Amino acid sequence: MNSKSRIASILITNNLDSSITGLPTFDLAELHLTNEIDFQLPTNVRLGHLAEKIVSELIKSSTNYEVLYENIQILEEDKTIGEIDFILQKKNTKQILHVELAYKFYLFDPSISSETINNWIGPNRNDSLKEKLDKLKTKQFPLLYHTCTKTTVNTVEINKISQALCLLVSLYIPYEYKANFNPTYQKAIKGYYLNFKTFMQLDNPDKTYYIPTKKEWGMEPAENKNWLDFSEIEKQISTSMEEKQAVLCWQKQNNTFLSFFIVWW
């Protein structure tokens, strides 16, 4: 995996703003980055922690923010009750900021509700945007004010800390779905999703494919060099469908690249 491409993919991922989340926004575009950024990426972490590591290094590489605390385990009687992602300080104003970070992939299922916010779900239907926002509002952000946090974050005054969310999302809508979305959602739409049967019907000899690993999700398909034909990926996808695991697939056709999910449901 190319580290520069992976880092760049995080920087260009759309951030859902307060008009959707109802929470103040911390945008990576606020970081003043003077050089082309590249650093060693951890190899033994899951996608969410990889994104967290990248964002941490980006903040540390910026000229306008510094990290005071990160990945703070909050303990109560030796039991972890939660974790705070980042506490930052803006260098010129000395403003202190508690930032929670999430890097998510959501698919739009219009059958769930008439309310758009309720219809963004994880690729395997076991999480959702609404659940994530509810958890942030009721657990993650209030954790800053827990008694045990004050003893851990003891070099800053808790009541002077602002809070903000960096919610990086890639959104996918049903294949050939026609609807108008809020512009904030629209900017974050990266592709579509379909079932395996429809995917097979759409295959033709001009198309080649790549099944990215989870750690490659969100990267640009055009940067990939290793492409396979349908027969070389069919068994892998079929097995994933049997195991009820959605698959992210990249497609190349001539000089056109697509990113889409193949779902089992």
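**View 1. D127 is partly exposed, with a relative accessible area of 24%.** The model shown here is predicted. D127 pairs with K104 in a salt bridge, and their closest N and O atoms are 3.9 Å apart. D127 sits in the loop between strand 4 (120-121) and helix 4 (129-140), while K104 sits in strand 3 (residues 96-108), so the bridge ties together parts that are 23 residues apart in sequence. K104 is partly exposed too, with a relative accessible area of 24%. In total, the structure holds 6 salt bridges.

**View 2. K60 and E70 form a salt bridge.** Their closest N and O atoms are 2.7 Å apart. The pair links distant parts of the chain: K60 belongs to helix 3 and E70 to strand 1 (residues 65-76), 10 residues apart. K60 counts as partly exposed, at 43% relative accessibility. E70 also counts as partly exposed, at 26%.

**View 3. K53 and E57 meet through their side chains in a salt bridge.** The N to O distance is 2.9 Å. Both residues lie in helix 3 (residues 47-61), and because they are 4 residues apart, about one helical turn separates them. An α-helix has 3.6 residues a turn, so residues three or four places apart point the same way. How exposed is K53? K53 counts as partly exposed, at 32% relative accessibility. E57, in contrast, is one of the buried residues of helix 3.

**View 4. Helix 3 has a set of buried residues.** Among them are L47, L50, I54, V55, L58 and I59. What covers these buried residues? The cover includes helix 1 (3-12), strand 1, strand 2 (79-90) and strand 3. The length of helix 3 agrees with expectation: at 1.5 Å a residue, its 15 residues should span 21 Å, and its end C-alpha atoms are 21 Å apart.

**View 5. The largest pocket has a volume of about 1,000 Å³.** Its lining counts 34 residues, and R46, G48, Y103, K104 and K214 lie nearest the centre. Elements giving two or more residues to this lining include helix 3, helix 4, helix 8 (230-242) and strand 8 (247-253). Strand 3 gives the most, with 6 residues. By class, the lining divides into 14 nonpolar, 10 polar and 10 charged residues.

**View 6. The second largest pocket holds about 160 Å³ of space.** It is lined by 14 residues, with K190, G218, M219, E220 and P221 nearest its centre. Helix 1, strand 5 (161-174) and strand 8 each give two or more residues to the lining. The lining has 7 nonpolar, 5 polar and 2 charged residues.

Terms used
Residues numbered from 1 in each chain as written. Predicted model: local features only at pLDDT ≥ 70, side-chain atom pairs only at ≥ 80, totals over all residues. Heavy atoms only, no water. Salt bridge = Lys/Arg side-chain N within 4 Å of Asp/Glu carboxyl O. Buried < 20%, exposed > 50% of the residue type's maximum accessible area, 1.4 Å probe, protein only. Expected span 1.5 Å × (residues − 1). Contact = heavy atoms within 4.5 Å. 1 Å grid on protein atoms, 1.4 Å probe; cavity = no way out; pocket = protein on both sides within 12 Å on 5 of 7 lines; lining within 4 Å. Points joined across faces, edges and corners; volume = space filled by probe spheres on them. Nonpolar A, V, L, I, M, F, W, Y, C, P; charged D, E, K, R; others polar.
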